[in-house]
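Subject: Structure for you to look at

Dear colleague,

I am passing on the structure we spoke about, and below it you will find my notes on what turned up. Please read them with the structure open beside you.

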Amino acid sequence: MSALSRGLISRLRLLSLNPTAAAAANANATTSFTQTQYHFFRWFSSEALVEAAEVAEERSRVIEAKPGAMSPSSKRTGLVAVKCGMTARWDKWGARVPITVLWVDDNIVSQVKTPEKEGFPALQIGCGQKKAKHLTKSEVGHFRAQGVPLKRKLKEFPVTKDALLPVGMSIGVRHFVPGQYVDVTGITRGKGFQGGMKRHGFKGMPESHGASLSHRSIGSTGQRDAPGKVFKGKKMAGRMGGKQRTVKNVWVYKIDPARNLMWVRGQVPGAEGNFVFIRDAFYKKPDISLLPFPTYFAPEDEDATKLEPLVADLGEVDPFMVAD
């Protein structure tokens with residue numbers, strides 16, 4: 001049934017339930033319309049193609065914080081974390097493997113976007129704390145309109161409709177599971193204006209005869225009369241770093257629910273103290289049966305300050321192998 005047919009049927013149903021309005025709709029009726037009847041018939045003759053009852057039900061839908069079943073097409077929200085620093089671990093051959101420590105600092109849902117209002121489902125996550133005098137008036141108004149505390153960093157994550165969470169809900173580090181893969185996005189360290197050797201890895205000029213004071217030069221950059229120019233995109237000296245980059249398939253080694261800390265294998269973009277965004281891996285998708293959906297809901301009698309760190313099962317194949 002088309003949308004037009006559904007709209008007409010719903011309006012005819014309303015007419016049948018209101019005899020007064022049905023009589024007024026008759027062309028031979030001479031009674032005057034009330035204001036309510038006028039707006040009703042104006043709405044009836046409009047080009048609205050959706051059923052009003054369905055729209056009202058969707059708009060009044062209350063998002064409940066309860067666990068559910070994750071499907072292969074479901075998409076959970078991500079988290080905002082602070083890069084704390086780096087440590088190391090040694091594999092079975094004694095090689096040093098770097099590990100990055102991330103701090104999930106008081107993440108809460110600061111805004112919910114639904115398909116009925118914004119046209120797409122998404123969650124805005126706030127991280128950290130900040131004073132009102134350090135925020136703009138529009139930012140303070142946004143937080144007060146949503147009824148959530150003032151946050152230092154905001155990030156919007158697209159999700160599916162079944163993964164929506166209510167505003168103000170807190171999300172901890174147990175949103176992720178040790179042993180899964182995640183994608184980490186951050187702003188790389190800014191290194192300023194650098195030459196071709198440091199920026200692009202050029203080998204430089206000869207260091208023996210015939211290369212006076214040009215050992216780190218990039219060499220020729222163009223041709224002769226044809227084409228007589230330097231092509232766009234040529235690798236040359238310039239600003240290095242300070243760009244958004246994503247490291248994919250980062251392995252979660254350990255999480256500490258008491259301190260909201262996460263240890264991941266390898267490096268992630270950014271300097272210490274920078275914000276990074278963590279999502280479920282896109283390529284190495286985790287097992288949906290192990291992930292809490294839409295997030296982890298702690299029992300009422302659980303004391304998070306007394307929980308022990310959770311370490312991933314290394315299994316038969318050491319994931320910290322240098323060759324991996």
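A charge is said to sit over a ring if NZ of Lys or CZ of Arg is within 6 Å of the ring centre and within 35 degrees of the ring normal. With that in mind, and remembering that this is a predicted model, you can look at Lys254, which lies over the face of Trp263 at 4.2 Å from the ring centre.

Next come the aromatic rings. A pair of such rings is described by the distance of the centres and the angle of the planes. Two aromatic pairs are present in the structure. One of them joins Trp251 and Tyr253 in a tilted arrangement, with 6.2 Å from centre to centre and 40° between the planes. Are these two residues buried or exposed? Trp251 counts as buried because its relative accessibility is 5%, and buried means under 20% relative accessible area; Tyr253, with a relative accessible area of 15%, is buried as well. The other pair is made by Phe282 and Tyr283, whose rings are edge-to-face, 5.1 Å from centre to centre and with 90° between the planes. Phe282 and Tyr283 are both exposed.

Four strands form an open sheet in the order 5-4-3-6, and their pairing is antiparallel. Its edge strands, each of which pairs on one side only, are strand 5 (153-158) and strand 6 (170-171). Helix 5, made of residues 137-146, packs on this sheet and touches strand 3, strand 4 and strand 5, while its direction makes about 85° with that of strand 3.

Why can strand 3 be called largely enclosed by the rest of the structure? The reason is that seven of its seven residues are buried.

With best wishes

Technical notes:
Residues numbered from 1 in each chain as written. Predicted model: local features only at pLDDT ≥ 70, side-chain atom pairs only at ≥ 80, totals over all residues. Heavy atoms only, no water. Pairing = 2+ DSSP bridges. Helix = DSSP H or I, 4+ residues; strand = E, 2+ residues; numbered from the N terminus. Contact = heavy atoms within 4.5 Å. Axes fitted to C-alpha atoms, helices over the stretch in contact; angles between N-to-C directions. Buried < 20%, exposed > 50% of the residue type's maximum accessible area, 1.4 Å probe, protein only. Phe/Tyr/Trp six-rings, centres within 6.5 Å; stacked < 30°, edge-to-face > 60°.
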